[in-house]
Amino acid sequence: MEKRNTKQKEKIIKILSRKENHIHPTINEIINLVSKEDKTIGQATIYRQINNLVQDNILKKIPTKDGFHYDIKTDLHSHFICQKCNRLIDLYDSNYQKIINELQNKYSLNIIEANIILYGICEECNDKV
Ligand SMILES: [Zn+2]
Ligand SMILES: [Zn+2]
């Protein structure tokens, strides 16, 4: 049982790690992606495995206005969500850690997790106006 569990977990990680799947999928999108490749992994198992992966910090759960999205990239970055095309874009910037450190010191906090989400209109949608 344990062995099977590990195998399913590895399979899900493999599927989500593919470049074309770096779309910050929702749980329903993950179920579609996994079922397309492996029909033997049931929905309940996928739910359970995804929760385990989040707990193990392999997968990051991003709470957005429209529900949860999942991110295989757990390094520090923020997200931009286009309110026209609903695209979720990764924003990397070396200043995040600096800002977090400054806030920690300023307010005497121990910041464990950061979820920075910015909403607006993306470049492509802006050009269409
Ligand atoms: Zn857009
Ligand atoms: Zn991301």
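This is a predicted model: local features need pLDDT of at least 70, side-chain atom pairs count only at pLDDT 80 or more; totals for chains, interfaces and linings use all residues.
Local features need pLDDT of at least 70 and side-chain atom pairs pLDDT 80 or more, while totals for chains, interfaces and linings use all residues. Residues are numbered from 1 along each chain as its sequence is written, chains are lettered from A and ligands numbered from 1 in the order written, and side-chain values use heavy atoms, without hydrogens and water.

**View 1. Four cysteines hold the zinc ion (ligand 1).** Meet the donors (N, O and S atoms within 2.8 Å of the metal, or 3.2 Å for Na, K and Ca): the SG atoms of Cys-82, Cys-85, Cys-122 and Cys-125, lying 2.3 Å from the zinc ion. Along the chain they follow the spacing C-x2-C-x36-C-x2-C. Their angles of 104 to 116° make the arrangement tetrahedral (four donors, all angles between 85 and 135 degrees). Cys-82 is buried, at 0% relative accessible area, whereas Cys-85 is partly exposed, at 37% (buried is under 20%, exposed over 50%, partly exposed in between; 1.4 Å probe, protein chains only).

**View 2. Lys-60 reaches Glu-113.** Here you can find Lys-60 in strand S1 (residues 60–64), a DSSP run of E with at least two residues. Lys-60 is buried, with a relative accessible area of 13%. The side chains of Lys-60 and Glu-113 make a polar contact at 3.4 Å (a pair of N or O atoms within 3.5 Å, one able to donate a hydrogen and the other to accept it; residues adjacent in sequence count only if both atoms are side-chain atoms).

**View 3. Ile-99 sits in a helix.** Look for Ile-99 in helix H4 (residues 95–107), a DSSP run of H or I with at least four residues. Ile-99 is partly exposed, at 45% relative accessibility.

Methods:
Four donors count as tetrahedral if all angles lie between 85 and 135 degrees; four count as square planar and six as octahedral if opposite donors are over 155 degrees apart and all others between 65 and 115; anything else is irregular.
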